[in-house]
Amino acid sequence: MAVPRWNRFVVPVCAVAGAGCVLSWAGAAAGVTPSVLPAPQIKVSRAETDLCPAPAAVQALAQQGVTLGAKSPASTVDIGGRRCVRLPISGGEFALDLSKGSVPADGGITFTKKSAGKTVSFTGLTFDFATHKVNGTAGTDGAVPGRARRQPQELFGFVFQVDKTKVDVSAGAAHGAASLHTGPVSHSALADAFGTSPLPAQGTVFDATAAGDVAQAAQALTHALLS
């Protein structure tokens with residue numbers, strides 16, 4: 001599910017150190033070597049990401065009587081007629097070319113099946129840009145957690161929608177989109193609790209969009225310019 005090598009992601013950065021120079025970094029996230037300079041790290045100061053179930057997931061959730069919910073401080077929101085989970089983000093950082101970085105989200109997402117009397121929660125979600133994995137902890141209400149289950153594991157994989165992703169350092173803002181697919185841990189956690197997983201094992205299960213405030217890591221950029 002990696003982004004093709006030919007799909008290069010270029011971000012212009014203007015007004016560096018008060019000068020009118022323009023630099024660009026080409027997509028190491030696309031499997032190519034940056035063509036100009038190493039990409040500086042961008043710090044996330046405040047943001048949020050919306051996870052909306054894809055049509056196949058919406059249908060499967062309804063058929064199995066499973067309700068998508070949120071674990072505070074995350075919340076549920078209606079977007080285009082879909083029940084989505086909004087996760088706040090208060091920290092983390094990533095490379096300007098999206099080749100690496102780690103951005104944790106607060107709260108979590110839940111799946112509740114009233115007929116089974118069980119709720120599965122995915123918490124501690126962290127988006128790892130280098131591996132394109134969403135790591136976190138899976139747990140079922142009322143179950144005795146095992147040592148291995150308490151360790152963060154891959155819950156989802158994700159692929160950036162590069163044409164919908166933009167980082168504007170001069171404006172201090174970032175917008176992005178990605179497609180999430182089910183990981184083995186999340187699939188087995190849901191199947192163990194409900195008998196079968198309400199999320200398809202193949203294809204996109206969540207459409208993710210993110211927006212928020214970012215700050216340029218001046219020291220990293222200075223180092224890149226002087227190296």
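Helices (H or I, at least four residues) and strands (E, at least two) are DSSP runs, numbered from the N terminus. The model is predicted: local features need pLDDT of at least 70, side-chain atom pairs count only at pLDDT 80 or more, and totals for chains, interfaces and linings use all residues. Residues are numbered from 1 along each chain as its sequence is written, and side-chain values use heavy atoms, with hydrogens and water left out.

**Exercise 1.** Locate L98 and state whether L98 is buried or exposed.

*Solution.* Step one: L98 belongs to the loop that connects β7 (93-95) with β8 (101-104). Step two: its phi is positive, about 65 degrees, although L98 is not a glycine. For context, most residues other than glycine have a negative phi, and most peptide bonds are trans. Step three: the relative accessible area of L98 is 3%, so L98 is buried (under 20% relative accessible area; exposed is over 50%, partly exposed in between; 1.4 Å probe, protein chains only).

**Exercise 2.** Identify the peptide bond that joins S72 and P73, and place P73 in the chain.

*Solution.* Step one: the bond between S72 and P73 is cis, with omega about 10 degrees. Step two: P73 sits in the loop between β4 (66-71) and β5 (75-79).

**Exercise 3.** Determine which residues of helix α1 (residues 55-64) are buried and which are exposed.

*Solution.* Step one: the buried residues are A57, A60 and L61. Step two: these residues lie on the same side of α1 because they cover an arc of only 100 degrees around the axis, the arc being that of the directions from the helix axis to the C-beta atoms. Step three: P55, A62 and Q63 are exposed on the other side of α1. Step four: G65, with a positive phi near 70 degrees, follows α1.

**Exercise 4.** Describe the pairing and burial of strand β14 (residues 173-182).

*Solution.* Step one: two strands pair if DSSP finds at least two bridges between them. Step two: strand β12 (residues 153-160) pairs with β14 in the antiparallel sense over five bridges, and G157 has H181 as its bridge partner in β14. Step three: strand β13 (residues 166-168) is joined to β14 by three bridges, and the two run antiparallel; D168 stands opposite A173. Step four: eight of the ten residues of β14 are buried, so β14 is largely enclosed by the rest of the structure.
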